[in-house]
Amino acid sequence: MKRWKNTAGSLLALAAVLTAAFLVFRGHWEEIWANLQGVPLSGALALFTLAAAYQLLESGICAVLVRARLPGFTFREAMEVTFLGVFGNVATCAVGSIPMQSLRLRQCGLTIGHGVGMMTVEYIFHKSSILLYAAVMLLFQGGWLRETVPDLTRYLLPGFGVCAAVSAALVLVCTWGRLRDLVLHLIGLLPETERWEKRKDVWRTNLASLYTESQHVLKSRTCCGKILLLNGTKLLCLYSAAYLAVRLLGAEGLPFWRAQLLAALMLLIASALPNVAGVGPAEFAFLLLFGRYMDYARASAALVLYRTATYFFPFAVSALFALRIQRRTWQLSGEEDEK
C-alpha cells in the first residue's frame, strides 16, 4: 500500500508539471524553442553553476545546524540530507521530504525526533530569510516598483502576510513555552481513537524535539549568524540565476539589483500559494513579474531555462543521491543479516 501511495504521489507530481507546462506555454512552443536556441553554452553553464551553488550552500546550512549536535557530521553527509529533501519534495509532493532527511540523520547518529526538529528549524530559517531579503529589497527599490507595476500590490500584500504569519507562528512555537503548551493542549483535544492517539504521540514528540532543537541553536549567536549569512548568500545565488536567465533571453534593460527585487518577490509570492511538488506558483509568479519587462515568448523561454537549472537539474542529481543511499542501505542490511 505504501509503495502504491509513493507511486501515486510521483505520478501526481509529474502530471502537475506537465499540466503547468501546457497551461503556461501553450501556443508559444515554436517561439520559446527559437529563443532557447539562441542561448550561448557559456551562459547556460553559468546558470547551472549558480543552481549548484545554491544546493551546496543549503548543504552548508545543514552542516552548521547538525554539527551543533553531532560535531563529526561531514559536509558529504549534509549534501546527502539536502538532496534527499529535494528528492522528497518532488517525488512525494513534499510529504516525505523531512521524514527521508530525518531517517538519514538517524543513520548519522541523530534520533528521529531530533532530526525532524533540526530540519524544521532549518525550514524556519529559510522562510524567515525569504521574508527579510524581500523586505530589504523592497525598502530600497519599492518606489521604482510602484512606478513601473503599480497593480502588483494585490499580490505582494498577501504574500508578505502569509510568509510573515507562517514565520512568526513557527518562531513563537520554538521560543515561547506558553504557546507550545497551548498547541500541546489543542492536540490533546483531538479524538481519542487508536489511530488518532498514534498521530498525537508523533506530533507531541516532534513538537518537543522542535522546541529543544530551536532552543539549542538559538543559544549560539555564532551558529545563528552563520545560518543567516549562508541563507542570504544562497538566495543571492538563486535570484542571480533568475537575473541571468532573463538577461540571456534579452531583458538587457533590467539592472542586476532590480532583477534581485523581482526574483525575491517571485519567491515570496510562490511561498504564499499552494503547490504540488513545488510546481505552479513559481511559474505564475515568474511570468507575472518578469513578463512586465520582456515579451511573453522570451519571458516563457527564460522561465524554462530558470526552472530547468533550479528545479529539474537538482531533482535529477537528488535521484542519484537517493539511489546511492538506498543501495548502501540494502548492502548494510544484507551484511547485518549475514552476521
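Guide: A word on geometry comes first: an axis here is a line fitted to C-alpha atoms, for helices over the stretch in contact, and an angle runs from 0 to 180 degrees between N-to-C directions. The model is a predicted one.

With that convention, consider helix 8 (residues 177-188) and helix 9 (residues 194-218), whose axes lie 10 Å apart and form an angle of about 175°. Angles over 145 degrees count as roughly antiparallel, and helix 8 and helix 9 are therefore roughly antiparallel to each other. On the helix 8 side, the contact is made by Gly177, Arg180, Val183, Leu184, Ile187 and Gly188, and on the helix 9 side by Lys200, Trp203, Arg204, Leu207 and Tyr211. By class, the residues of this contact comprise six nonpolar, two polar and three charged.

The pair belongs to a protein with 13 helices and zero strands. Of its 339 residues, 46% count as buried. Among contacts between residues at least 6 apart in sequence, 72% join residues at least 24 apart.

The axes of helix 10 and helix 11 cross at roughly 110° and come within 8 Å. Angles of 65 to 115 degrees count as roughly perpendicular, and helix 10 and helix 11 are therefore described as roughly perpendicular to each other. Helix 10 contributes Leu235, Leu236, Leu238, Tyr239, Ser240, Ala242 and Tyr243 to the contact, while helix 11 contributes Phe256, Trp257, Ala259, Gln260, Ala263, Ala264 and Leu267. The residues of this contact divide into 12 nonpolar, two polar and no charged.

Because its relative accessibility is 0%, Ala264 counts as buried. Leaving aside neighbours within four places in sequence, Ala264 is in contact with Tyr133, Ala134, Met137 and Tyr239. Between the C-alpha atoms of Ala264 and Leu235 the distance is 8.2 Å, although 29 residues separate the two in sequence.

In soluble globular proteins, nonpolar side chains tend to be buried together. In this model the largest nonpolar core has 54 residues, of which Leu145, Tyr239, Leu265, Phe286 and Phe290 touch the most other members. The elements giving two or more residues to this core are helix 3 (41-67), helix 6 (112-148), helix 7 (153-175), helix 10 (221-248), helix 11 (256-272), helix 12 (281-290) and helix 13 (296-338). Helix 11 gives the most, with 10 residues. Once residues up to four places away in sequence are set aside, Leu265 touches Ala134, Leu138, Leu145, Leu156, Phe160 and Leu289. There is also a second, separate core of 27 residues, which includes Ile61, Phe125, Leu207 and Val217.

Not counting residues up to four places away in sequence, Ser59 touches Phe75, Ala78, Met79 and Thr82. Arg67 is also found in helix 3, yet at 38% relative accessibility Arg67 counts as partly exposed. With the same exclusion in sequence, Arg67 touches Phe73, Thr74 and Phe75. Its C-alpha atom is separated by 9.8 Å from that of Ala78, 11 residues apart along the chain.

Finally, Val90 lies in helix 4 (residues 75-91). Burial requires under 20% relative accessible area, and Val90, at 10%, is buried. The C-alpha atoms of Val90 and Phe312 are separated by 9.5 Å, with the two residues 222 residues apart along the chain.

Terms used: Residues numbered from 1 in each chain as written. Predicted model: local features only at pLDDT ≥ 70, side-chain atom pairs only at ≥ 80, totals over all residues. Heavy atoms only, no water. Helix = DSSP H or I, 4+ residues; strand = E, 2+ residues; numbered from the N terminus. Parallel < 35°, antiparallel > 145°, perpendicular 65-115°, else oblique. Contact = heavy atoms within 4.5 Å. Nonpolar A, V, L, I, M, F, W, Y, C, P; charged D, E, K, R; others polar. Core = buried A, V, L, I, M, F, W, Y, C linked by side-chain atoms within 4.5 Å. Buried < 20%, exposed > 50% of the residue type's maximum accessible area, 1.4 Å probe, protein only.
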